[in-house]
Amino acid sequence: MSVSGRMSSKLRKSSQIDMAKEIVFTLNSVKCTVAQEISDQVLVHFIRDVLKLKATKFGCGMDQCGACKVLIDDQVRNSCQIYLSELEGKSVMTLEGLQSSAKFISLKNSFAHENAAQCGFCTSGILITCFSLISKNNHLSEKEIKEKLKDNLCRCGVHHKILKSVVRVMN
């Protein structure tokens with residue numbers, strides 16, 4: 001992903017700025033530098049409104065639905081509760097950043113095969129969670145998968161299809 005075409009005056013490549021006044025982190029394998037003035041902005045809004053990456057959704061804004069999940073240093077986190085000031089030196093990965101991963105492609109294909117996405121609003125957060133699961137574990141029981149997915153809400157009721165998709169990829 002090239003951030004350079006989407007940079008605002010407050011987001012510049014790290015080689016062009018005074019490091020003492022900036023927050024530097026990696027987003028989808030691209031080094032980002034953010035001006036201190038916007039360091040109190042929530043990550044989900046930065047991703048969607050500044051970078052114009054739309055896979056990460058803003059759902060409840062209260063750390064409860066999981067639609068805004070991203071990976072931060074390979075840990076699944078709700079981006080609605082993460083401020084840019086907390087990202088110094090960290091690595092953030094959104095769904096857009098996973099598109100070339102073989103594991104992600106297998107997972108995405110499995111979701112399509114099982115018809116595990118209905119309206120699609122929760123799908124990004126669920127895919128991030130599932131990608132993290134299959135990246136860290138080769139074999140989980142259905143009960144363990146359900147436990148890991150408990151923080152991802154889906155109003156369409158396709159949890160059983162999501163579960164089948166993850167099991168399919170793990171086998």
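At a relative accessibility of 36%, C156 counts as partly exposed. That label covers everything between buried (under 20% relative accessible area) and exposed (over 50%), using a 1.4 Å probe and protein chains only. The model is predicted, with local features needing pLDDT of at least 70 and side-chain atom pairs counting only at pLDDT 80 or more, while totals for chains, interfaces and linings use all residues. Residues are numbered from 1 along each chain as its sequence is written, and side-chain values use heavy atoms, with hydrogens and water left out.

Back to the cysteines. A search of the whole structure turns up zero disulfides, a disulfide being a pair of cysteine sulfur atoms within 2.5 Å. For C60, the closest cysteine sulfur belongs to C65 and sits 3.9 Å away, which is too far for a bond. C60 is partly exposed, at 28% relative accessibility. C156 is in no disulfide either, with the nearest cysteine sulfur, that of C119, at 3.8 Å.

As for the overall layout, the chain has five helices and six strands, taken as DSSP runs numbered from the N terminus (helices: H or I, at least four residues; strands: E, at least two). Read from the N terminus, the order is β-β-β-α-β-β-β-α-α-α-α. Of the 171 residues, 44% count as buried. Among contacts (heavy atoms within 4.5 Å) with a separation of 6 or more, 58% join residues 24 or more positions apart.

Next, the interior. In soluble globular proteins, nonpolar side chains tend to be buried together. A nonpolar core here means a set of buried Ala, Val, Leu, Ile, Met, Phe, Trp, Tyr and Cys residues joined through side-chain atoms within 4.5 Å. The largest one has 26 residues, and F111, I126, C130, I145 and I162 have the most contacts inside it. Helices α2 (102–114), α3 (123–136) and α5 (159–170) are the elements that give it two or more residues, and α3 brings the largest share, seven residues. C130 touches L107, F111, L149, I162 and V166, leaving out residues up to four places away in sequence. Apart from this core lies another, of 17 residues, including I23, C32, L51 and V92.

M93 sits in strand β6 (residues 91–93) and counts as buried at 18% relative accessibility. Setting aside neighbours within four places in sequence, M93 is in contact with N28, S29, V70, L71, L98 and I128. The C-alpha atoms of M93 and D74 are separated by 8.0 Å, although the two residues are 19 apart along the chain.

Finally, the aromatic rings. Rings of Phe, Tyr and Trp (its six-membered ring) pair if their centres lie within 6.5 Å; planes under 30 degrees apart are stacked, over 60 edge-to-face, and the rest tilted. The count comes to one aromatic pair. It is formed by F25 and F46, edge-to-face, at 6.2 Å centre to centre and with 65° between the planes. F25 lies in strand β2 (residues 22–27) and F46 in helix α1 (residues 43–50), so the pair ties together parts 21 residues apart in sequence. F25 is buried, with a relative accessible area of 1%, and F46 is buried too, at 0%.
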